[in-house]
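Subject: Structure for you to look at

Hello,

Here is the structure I promised to pass on. Open it first, then read my notes beside it.

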Amino acid sequence: MRSGAVMAATGWPDCARSLKGVVLDMCGVLYDSGAGDGEAIPGSIEAVQRLKQSDLQLRFCTNETQASRERFVAKLGRLGFDIRQRTAAPPAGLRRSVTGVRLGGSDEPKLCGDRRRSGEVFLPEPERCFSGPGGLDKPLLFSLGQGKYYKETDGLKLDVGVYMKALEYACDVKAEVIGKPSQTFFQSVLGDMGIQPHEALMIGDDLVNDVGGAQSCGMMGVQVRTGKYRPSDEKHPSVKADGTVDNLSQAVDLILHQRGQ
Ligand SMILES: [Mg+2]
(Lines give C-alpha, C1' and ligand atoms only; values in the text may rest on other atoms or scores of the structure.)
Protein backbone atom coordinates (compact mmCIF):
# COMPACT_ATOMS: atom_id res chain seq x y z
CA MET A 1 0.00 0.00 0.00
CA ARG A 2 2.93 2.34 0.62
CA SER A 3 4.70 4.46 -1.90
CA GLY A 4 8.45 4.89 -2.03
CA ALA A 5 8.33 7.66 0.55
CA VAL A 6 10.88 7.68 3.38
CA MET A 7 9.61 5.51 6.19
CA ALA A 8 10.10 5.83 9.91
CA ALA A 9 13.06 3.76 11.09
CA THR A 10 11.12 2.07 13.86
CA GLY A 11 7.64 0.68 14.27
CA TRP A 12 4.79 1.54 16.60
CA PRO A 13 5.03 2.61 19.39
CA ASP A 14 8.82 3.15 19.26
CA CYS A 15 8.34 5.56 16.35
CA ALA A 16 6.73 8.01 18.77
CA ARG A 17 10.20 9.09 19.91
CA SER A 18 11.00 10.63 16.55
CA LEU A 19 7.58 12.08 15.77
CA LYS A 20 7.09 15.78 15.18
CA GLY A 21 3.37 15.77 14.57
CA VAL A 22 0.17 13.83 15.14
CA VAL A 23 -2.88 13.96 12.88
CA LEU A 24 -6.20 12.91 14.38
CA ASP A 25 -9.31 11.80 12.59
CA MET A 26 -12.34 13.20 14.39
CA CYS A 27 -15.59 11.23 14.02
CA GLY A 28 -15.10 7.85 15.63
CA VAL A 29 -11.90 8.95 17.38
CA LEU A 30 -12.95 12.04 19.33
CA TYR A 31 -16.70 11.52 19.27
CA ASP A 32 -19.57 9.55 17.77
CA SER A 33 -22.08 11.67 15.88
CA GLY A 34 -25.78 11.30 16.61
CA ALA A 35 -28.73 13.20 18.01
CA GLY A 36 -27.82 16.74 18.95
CA ASP A 37 -24.04 17.10 18.95
CA GLY A 38 -23.37 13.39 19.44
CA GLU A 39 -21.24 12.00 22.27
CA ALA A 40 -17.57 12.37 23.16
CA ILE A 41 -15.73 9.04 23.28
CA PRO A 42 -14.58 8.45 26.86
CA GLY A 43 -11.04 9.71 27.51
CA SER A 44 -10.73 11.58 24.21
CA ILE A 45 -11.21 15.11 25.60
CA GLU A 46 -8.36 14.59 28.06
CA ALA A 47 -6.22 12.86 25.42
CA VAL A 48 -6.48 15.87 23.11
CA GLN A 49 -5.52 18.17 25.97
CA ARG A 50 -2.46 16.05 26.75
CA LEU A 51 -1.34 16.14 23.11
CA LYS A 52 -1.83 19.91 23.00
CA GLN A 53 0.37 20.26 26.07
CA SER A 54 3.11 18.08 24.57
CA ASP A 55 5.87 19.18 22.20
CA LEU A 56 4.09 17.59 19.23
CA GLN A 57 2.25 19.50 16.57
CA LEU A 58 -1.39 18.49 16.35
CA ARG A 59 -3.83 18.66 13.47
CA PHE A 60 -7.35 17.33 13.02
CA CYS A 61 -8.12 15.78 9.66
CA THR A 62 -11.76 15.04 8.87
CA ASN A 63 -13.92 14.20 5.88
CA GLU A 64 -16.76 16.07 7.57
CA THR A 65 -19.11 17.45 4.91
CA GLN A 66 -22.24 18.33 6.85
CA ALA A 67 -21.13 21.56 8.51
CA SER A 68 -18.74 24.43 7.94
CA ARG A 69 -15.45 24.35 9.82
CA GLU A 70 -16.75 27.04 12.16
CA ARG A 71 -19.91 25.13 13.06
CA PHE A 72 -18.06 21.84 13.29
CA VAL A 73 -15.43 23.18 15.70
CA ALA A 74 -18.16 24.90 17.72
CA LYS A 75 -19.98 21.57 18.03
CA LEU A 76 -16.84 19.89 19.30
CA GLY A 77 -16.43 22.76 21.75
CA ARG A 78 -19.88 22.04 23.16
CA LEU A 79 -18.82 18.40 23.60
CA GLY A 80 -15.84 19.60 25.67
CA PHE A 81 -12.99 19.65 23.13
CA ASP A 82 -10.66 22.64 23.03
CA ILE A 83 -9.79 22.83 19.32
CA ARG A 84 -8.68 25.87 17.38
CA GLN A 85 -10.30 26.30 13.97
CA ARG A 86 -7.07 26.59 12.03
CA THR A 87 -5.88 23.16 13.23
CA ALA A 88 -8.98 21.41 11.83
CA ALA A 89 -8.75 20.43 8.15
CA PRO A 90 -11.96 19.45 6.36
CA PRO A 91 -11.77 18.50 2.66
CA ALA A 92 -13.88 21.52 1.72
CA GLY A 93 -10.78 23.60 2.44
CA LEU A 94 -9.04 22.02 -0.55
CA ARG A 95 -12.07 21.97 -2.77
CA ARG A 96 -11.58 25.32 -4.38
CA SER A 97 -7.92 24.83 -5.30
CA VAL A 98 -8.39 21.29 -6.63
CA THR A 99 -11.49 22.00 -8.66
CA GLY A 100 -9.99 25.26 -9.88
CA VAL A 101 -7.11 23.34 -11.48
CA ARG A 102 -9.42 20.78 -13.05
CA LEU A 103 -11.71 23.46 -14.38
CA GLY A 104 -8.97 25.30 -16.20
CA GLY A 105 -7.65 27.67 -13.59
CA SER A 106 -10.93 29.03 -12.31
CA ASP A 107 -10.80 29.57 -8.56
CA GLU A 108 -14.54 29.91 -8.39
CA PRO A 109 -15.94 26.44 -9.12
CA LYS A 110 -19.65 26.33 -9.71
CA LEU A 111 -21.56 24.39 -7.12
CA CYS A 112 -24.52 22.15 -7.76
CA GLY A 113 -26.91 24.95 -8.54
CA ASP A 114 -24.84 26.10 -11.52
CA ARG A 115 -23.23 22.94 -12.75
CA ARG A 116 -24.78 22.72 -16.20
CA ARG A 117 -22.35 25.32 -17.43
CA SER A 118 -19.18 23.91 -15.84
CA GLY A 119 -20.08 20.22 -15.89
CA GLU A 120 -19.00 19.59 -12.32
CA VAL A 121 -20.76 17.63 -9.62
CA PHE A 122 -20.55 17.87 -5.86
CA LEU A 123 -21.64 15.32 -3.31
CA PRO A 124 -23.68 14.58 -1.35
CA GLU A 125 -26.67 15.59 -3.43
CA PRO A 126 -26.82 12.63 -5.81
CA GLU A 127 -30.25 13.24 -7.29
CA ARG A 128 -29.69 16.93 -7.86
CA CYS A 129 -26.19 16.26 -9.16
CA PHE A 130 -27.33 13.61 -11.59
CA SER A 131 -30.10 15.74 -13.00
CA GLY A 132 -27.46 18.30 -13.94
CA PRO A 133 -24.65 16.39 -15.64
CA GLY A 134 -26.91 13.77 -17.17
CA GLY A 135 -26.91 15.52 -20.51
CA LEU A 136 -23.18 16.25 -20.55
CA ASP A 137 -20.63 14.07 -22.29
CA LYS A 138 -17.95 14.06 -19.60
CA PRO A 139 -19.07 15.54 -16.29
CA LEU A 140 -16.39 16.07 -13.65
CA LEU A 141 -17.21 14.32 -10.42
CA PHE A 142 -15.56 15.46 -7.18
CA SER A 143 -16.22 13.77 -3.85
CA LEU A 144 -15.18 15.06 -0.44
CA GLY A 145 -14.50 11.48 0.70
CA GLN A 146 -15.13 7.87 -0.21
CA GLY A 147 -16.05 6.30 3.14
CA LYS A 148 -18.51 3.40 2.99
CA TYR A 149 -20.06 4.03 6.39
CA TYR A 150 -19.54 5.82 9.69
CA LYS A 151 -20.69 5.31 13.22
CA GLU A 152 -23.44 7.27 14.92
CA THR A 153 -24.54 6.73 18.49
CA ASP A 154 -27.42 4.50 17.29
CA GLY A 155 -25.44 2.47 14.75
CA LEU A 156 -23.67 2.54 11.39
CA LYS A 157 -24.82 4.97 8.69
CA LEU A 158 -24.07 5.08 4.95
CA ASP A 159 -21.29 7.53 4.10
CA VAL A 160 -20.60 9.69 1.07
CA GLY A 161 -18.66 6.97 -0.80
CA VAL A 162 -21.89 5.05 -1.38
CA TYR A 163 -23.39 8.01 -3.25
CA MET A 164 -20.12 8.64 -5.05
CA LYS A 165 -20.16 5.09 -6.42
CA ALA A 166 -23.80 5.46 -7.48
CA LEU A 167 -22.98 8.60 -9.47
CA GLU A 168 -19.85 7.03 -10.97
CA TYR A 169 -22.02 4.20 -12.25
CA ALA A 170 -24.85 6.42 -13.47
CA CYS A 171 -22.58 8.94 -15.20
CA ASP A 172 -19.90 6.53 -16.45
CA VAL A 173 -17.13 8.60 -14.85
CA LYS A 174 -14.48 8.17 -12.17
CA ALA A 175 -14.73 10.55 -9.23
CA GLU A 176 -11.80 12.55 -7.95
CA VAL A 177 -11.65 12.25 -4.16
CA ILE A 178 -10.59 15.46 -2.43
CA GLY A 179 -10.71 14.30 1.22
CA LYS A 180 -9.08 11.25 2.81
CA PRO A 181 -7.53 8.99 1.46
CA SER A 182 -6.31 11.48 -1.16
CA GLN A 183 -2.55 12.07 -0.90
CA THR A 184 -3.16 15.72 -1.74
CA PHE A 185 -5.22 16.04 1.42
CA PHE A 186 -2.63 14.43 3.70
CA GLN A 187 0.19 16.40 2.05
CA SER A 188 -1.64 19.65 2.63
CA VAL A 189 -1.87 18.86 6.34
CA LEU A 190 1.83 17.90 6.45
CA GLY A 191 2.69 21.09 4.59
CA ASP A 192 0.74 23.11 7.11
CA MET A 193 2.81 21.55 9.92
CA GLY A 194 6.04 21.91 7.94
CA ILE A 195 7.12 18.32 8.55
CA GLN A 196 7.95 15.25 6.48
CA PRO A 197 5.60 12.24 6.19
CA HIS A 198 7.86 9.95 8.26
CA GLU A 199 7.71 12.48 11.09
CA ALA A 200 3.92 12.23 11.36
CA LEU A 201 1.45 9.73 12.76
CA MET A 202 -2.19 9.43 11.73
CA ILE A 203 -4.71 8.04 14.21
CA GLY A 204 -8.13 7.07 12.88
CA ASP A 205 -11.00 4.61 13.06
CA ASP A 206 -11.20 4.01 9.27
CA LEU A 207 -8.59 1.45 8.27
CA VAL A 208 -8.62 2.19 4.56
CA ASN A 209 -9.18 5.94 4.40
CA ASP A 210 -7.33 7.07 7.56
CA VAL A 211 -4.63 4.45 8.07
CA GLY A 212 -4.15 3.28 4.49
CA GLY A 213 -4.32 6.80 3.10
CA ALA A 214 -1.70 8.05 5.55
CA GLN A 215 0.55 5.06 4.88
CA SER A 216 0.36 5.70 1.15
CA CYS A 217 1.80 9.11 1.92
CA GLY A 218 4.68 7.66 3.92
CA MET A 219 3.14 8.38 7.33
CA MET A 220 2.59 5.86 10.10
CA GLY A 221 -1.04 4.91 10.69
CA VAL A 222 -2.63 3.63 13.90
CA GLN A 223 -6.23 2.46 14.16
CA VAL A 224 -8.42 2.88 17.23
CA ARG A 225 -10.96 0.26 18.28
CA THR A 226 -13.69 2.90 18.52
CA GLY A 227 -16.10 4.40 15.97
CA LYS A 228 -16.48 2.29 12.85
CA TYR A 229 -13.69 -0.14 13.81
CA ARG A 230 -14.55 -3.80 13.24
CA PRO A 231 -12.46 -6.78 14.40
CA SER A 232 -12.23 -7.89 10.77
CA ASP A 233 -10.16 -4.73 10.08
CA GLU A 234 -7.22 -6.48 11.77
CA LYS A 235 -7.31 -9.15 9.02
CA HIS A 236 -7.78 -6.78 6.09
CA PRO A 237 -6.26 -8.22 2.89
CA SER A 238 -4.38 -5.10 1.78
CA VAL A 239 -4.13 -2.55 4.60
CA LYS A 240 -2.28 -3.30 7.83
CA ALA A 241 -2.18 -0.67 10.54
CA ASP A 242 1.20 0.06 12.13
CA GLY A 243 -0.58 -0.37 15.44
CA THR A 244 -4.05 -0.92 16.87
CA VAL A 245 -5.12 0.59 20.18
CA ASP A 246 -8.30 0.44 22.23
CA ASN A 247 -8.95 4.18 21.95
CA LEU A 248 -7.30 7.58 21.54
CA SER A 249 -6.50 7.75 25.22
CA GLN A 250 -4.41 4.59 25.02
CA ALA A 251 -2.64 5.84 21.89
CA VAL A 252 -1.69 9.09 23.62
CA ASP A 253 -0.50 7.19 26.71
CA LEU A 254 1.84 5.14 24.52
CA ILE A 255 3.08 8.13 22.52
CA LEU A 256 3.84 10.30 25.51
CA HIS A 257 5.39 7.42 27.46
CA GLN A 258 7.82 6.81 24.60
CA ARG A 259 8.71 10.49 24.63
CA GLY A 260 9.18 10.58 28.39
CA GLN A 261 6.30 13.04 28.86
MG1 LIG B 1 -13.54 8.54 11.52
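Val222 lies in strand β12. Keep in mind that the model is predicted. Is Val222 buried or exposed? A residue counts as buried when 20 or more other C-beta atoms lie within 10 Å of its own. Val222 has 26 C-beta neighbours inside 10 Å, so Val222 counts as buried.

Which residues touch Val222, once its neighbours within four places in sequence are left aside? The list is Trp12, Leu201, Ile203, Ala241, Asp242, Gly243, Thr244, Val245 and Ala251. Look at Gly243 in particular. Gly243 and Val222 are 21 residues apart in sequence. In space, their C-alpha atoms are 4.7 Å apart.

The sheet

Strand β12 covers residues 220–224 and pairs with β13. The two run in the parallel sense, over three bridges. Gln223 stands opposite Thr244 in β13.

Now step back to the whole sheet. Six strands form an open sheet, and the pairing is parallel. Their order is β5-β4-β1-β11-β12-β13. Which strands stand at the edges? They are β5 (88–89) and β13 (243–245). Each has a single partner strand, so one side of each is left without a neighbour in the sheet.

Helix α7 (residues 183–193) lies across β1, β4, β5 and β11. Helix α7 runs at about 155° to β4.

Start with α1, residues 44–53. Its buried residues are Ser44, Ala47, Val48 and Leu51. They cover an arc of only 100° around the axis, which puts them on the same side of α1. Here is the rule to remember. An α-helix has 3.6 residues a turn, so residues three or four places apart point the same way. What covers the buried residues of α1? The cover includes β1 (21–24), β2 (31–32), β3 (39–40), β4 (57–61) and α9 (248–258).

Next, α9. Leu248, Ser249, Ala251, Val252 and Ile255 are buried there. Seen down the axis, they fall within an arc of 155°, so they line one face of α9. Their cover includes α1, β11, β12 and β13.

How do α1 and α9 pack? Their axes are 8 Å apart, at an angle of about 25°. That makes α1 roughly parallel to α9. The contact uses Ser44, Glu46, Ala47, Arg50 and Leu51 of α1. From α9 come Leu248, Ser249, Val252 and Leu256. α1 passes α9 in a left-handed crossing.

Backbone details

Check two peptide bonds. The bond from Trp12 to Pro13 is cis, with omega near 0°. Pro13 is in the segment before β1. The bond from Lys180 to Pro181 is cis as well, with omega near 10°. Pro181 sits in the loop between β10 (176–177) and α7.

Last, find Asp172 in the loop between α6 (160–171) and β10. Its phi is positive, near 60°, in a residue other than glycine. Is Asp172 buried or exposed? A residue with 12 or fewer such neighbours is exposed. Asp172 has 9 C-beta neighbours inside 10 Å, so Asp172 counts as exposed.

Best wishes

How values were computed:
Residues are numbered from 1 along each chain as its sequence is written. This is a predicted model: local features need pLDDT of at least 70, side-chain atom pairs count only at pLDDT 80 or more; totals for chains, interfaces and linings use all residues. Helices (H or I, at least four residues) and strands (E, at least two) are DSSP runs, numbered from the N terminus. The arc is that of the directions from the helix axis to the C-beta atoms. Two residues are in contact if their C-beta atoms, placed from the backbone, lie within 7 Å. Two strands pair if DSSP finds at least two bridges between them. Axes are lines fitted to C-alpha atoms, for helices over the stretch in contact, and angles run from 0 to 180 degrees between N-to-C directions. Angles under 35 degrees count as roughly parallel, over 145 as roughly antiparallel, 65 to 115 as roughly perpendicular and the rest as oblique. A crossing is left-handed if the near helix is turned anticlockwise from the far one by less than a right angle, and right-handed if clockwise.
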